[in-house]
Amino acid sequence: MEVGIDKMSFFSTQYYIDMVDLAHARGEAPDKYLIGIGQTQQAVAPATQDVVTMGANAADQMLTQADRAEIEEVIFATESGVDQSKSAAVYVQKLLGINRYARTIELKQACYSGTYGLMQARDYVTLHPKAKVLVIASDIARYGINTGGEVTQGAGAVAMLVTANPTIATLNQDNVFMSDEIMDFWRPNDSSTAVVDGKFSANIYRDFFKEVWERYQSQTGRDLNSFKALVFHLPFTKMGLKALRDVLPEVAEQKQHALMDSFEASRRYNKQIGNLYTGSAYLSLMSLLLNDDTLAAGDELGLFSYGSGAEGEMYSLTLQPEYNQGLIKEQLPNLLAQRTQLSIAEYEKMFDSVVLGSADRELDITHDHAKFVLGGVKDQKRQYVEQF
Ligand code: HMG
């Protein structure tokens, strides 16, 4: 029996900044951001969106009433959690009207936990073939205004429904993973922004990729020719490009060009959204599926997931005949076309408006067009609102 991703859906906020504006404001050459980093725009989260609302907004667009009645687990991957005890998954269960006999859990290991959630879902469905598991990867990447990491911020959520006989792709049982305690990026409990050793983190990412890739090849007998495309965790899109370039010499020139073309398709949306931590590799997968018209049923895709701290994993997916039917075709183009561009001054104000503490606060939700929004905090409880 095949198990894998049956449906995928994405949500990001309605605001963005242009990387040329940010470069001018920070005294950098625009090409450093556009080419050197590989980002053109960046999603900005208003106070009325957090990981719960973004996750719910993503999943709501793909779930039928039958799905909501049949889901057996909600797995929520994030490193921007809104509570130290309560999981984001249980908020989402209520907002989405998912039945009360579902398990709910939140996972954390930097950008990696979405992949772990997906594999837990796969293994559960393998044991319980009629089950449906909802996996959500949702994050707001925050480094701080005028920091080295600022150009690599972003926000968004990817929701995936895992079932037997999936519409999009099977998740193959060939995972190779490794972990090592490394201080490349972390976020202490009293900080709303990440601490990062930027260049060190990028080097560790490449080292992990190379080691995991070599181990994957020796354990599976596969090589780069086995894959139609490689999908990467994209904290910024140049990062994936560097990793891909590290292995391209392993294949003939024609194959190198084909892999590069697929990579361009896979980074198209990430360039415009920025880093969404746990969801970044899966936004890249969606970007590939929606923008690479050379894909065909049966194609093998390799996916490299990386989370600082650090953990890396490589596995393959097999594309299914009707894979396009599992995606909402115009979702991403519409979302991007409908966003409002902020000036850098407006973004800085919005960045500082985020709801961090538990003090009572009422938010103006009239500007937020999303279905699920954060209305404020009352009696130390976050107040989620369904607008339509
Ligand atoms: P920086 O020091 O500002 O940038 O930080 P730089 O000086 O290294 O320049 C960046 C690139 O732009 C270089 O290219 C320059 O040559 C080029 P490279 O050598 O890398 O190929 N450049 C230009 N190109 C064209 N025209 C120009 C020009 N000028 C310069 N005029 C850094 C960059 C990424 C370090 C910083 O933004 C940062 O710290 N970001 C956050 C950390 C990060 O994203 N790390 C990635 C790996 S870790 C990871 O993926 C996990 C993570 O997602 C978190 C998690 O797991 O939860 C982050």
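This report describes a predicted model, taking its domains, nonpolar cores, annotated sites and two further residues in turn.

## Domains and their contact

The domain assignment divides the chain into domain 1, given as 3-167 + 327-386, and domain 2, given as 171-325. The centres of the two domains, taken over C-alpha atoms, are separated by 20 Å, and the contact between them involves 62 residues of domain 1 and 49 residues of domain 2.

In soluble globular proteins, nonpolar side chains tend to be buried together. In this model the largest nonpolar core holds 46 residues, and those with the most contacts inside it are M8, L118, Y282 and L289. Helix α10, which covers residues 280-291, gives the most to this core, with 7 residues, and the core draws at least three residues from each of domain 1 and domain 2. Apart from it lies another core, of 44 residues, which includes Y15, L22, Y216 and A243.

The surroundings of L289 can be followed one by one. Once its neighbours within four places in sequence are left aside, L289 is in contact with M8, I168, L295, L301, L319, Y323, N324 and L327. One of these partners, M8, is also named among the residues with the most contacts inside the largest core.

## Residues annotated as active site

In an unreviewed entry, UniProt places the feature "active site" at E79, C111 and H233. From this set, E79 is taken in by the lining of the largest pocket. E79 lies in the loop that runs between β4 (71-77) and α5 (88-96), and its relative accessible area is 11%, which is under 20%, so E79 counts as buried. Beyond the residues within four places of it in sequence, E79 is in contact with A110, C111, D139, F185, R187 and Y277.

C111 belongs to another loop, the one between β5 (103-107) and α6 (113-127). With a relative accessible area of 10%, C111 is likewise under the 20% limit and therefore buried. Not counting residues up to four places away in sequence, C111 touches E79, H233, Y277, T278, S305, Y306, G307 and S308, a list that includes E79 and H233 from the annotated set.

## Residues annotated as binding site

For the feature "binding site", also from an unreviewed entry, UniProt lists Y143, K242 and N275. The lining of the second largest pocket includes Y143, K242 and N275.

Y143 is found in the loop between β6 (132-141) and β7 (154-164), and it is buried, with a relative accessible area of 10%. Leaving out residues up to four places away in sequence, Y143 touches G149, E150, T152, Q153, F185, T193, A194, V196, N275 and Y277; among these, N275 belongs to the annotated set. K242, by contrast, sits in helix α8, residues 237-247, and is partly exposed, because its relative accessible area of 30% falls between the limits of 20% and 50%.

K7 is found in strand β1, residues 3-11, and, at 17% relative accessibility, counts as buried. Where do the polar contacts of its side chain lead? The side chain of K7 reaches the backbone oxygen of M62 at 3.0 Å, and a polar contact of 2.6 Å joins it to the side chain of D67. With neighbours within four places in sequence left aside, the contacts of K7 are M62, T64, D67, A159, M160, L161, I168 and G326. I168 is listed among the contacts of L289 as well.

A89 has its place in helix α5, and its relative accessible area of 0% makes it buried. A89 and T104 are 15 residues apart in sequence, yet their C-alpha atoms are 5.3 Å apart in space. Apart from its neighbours within four places in sequence, A89 is in contact with V74, F76, T104 and I105.

Terms used
Residues numbered from 1 in each chain as written. Predicted model: local features only at pLDDT ≥ 70, side-chain atom pairs only at ≥ 80, totals over all residues. Heavy atoms only, no water. UniProt positions renumbered as here; feature names shortened; annotations may be inferred. 1 Å grid on protein atoms, 1.4 Å probe; cavity = no way out; pocket = protein on both sides within 12 Å on 5 of 7 lines; lining within 4 Å. Helix = DSSP H or I, 4+ residues; strand = E, 2+ residues; numbered from the N terminus. Buried < 20%, exposed > 50% of the residue type's maximum accessible area, 1.4 Å probe, protein only. Contact = heavy atoms within 4.5 Å. Core = buried A, V, L, I, M, F, W, Y, C linked by side-chain atoms within 4.5 Å. Domains from an automatic or database assignment. Polar contact = N/O pair within 3.5 Å; in protein donor to acceptor, adjacent residues only side chain to side chain.
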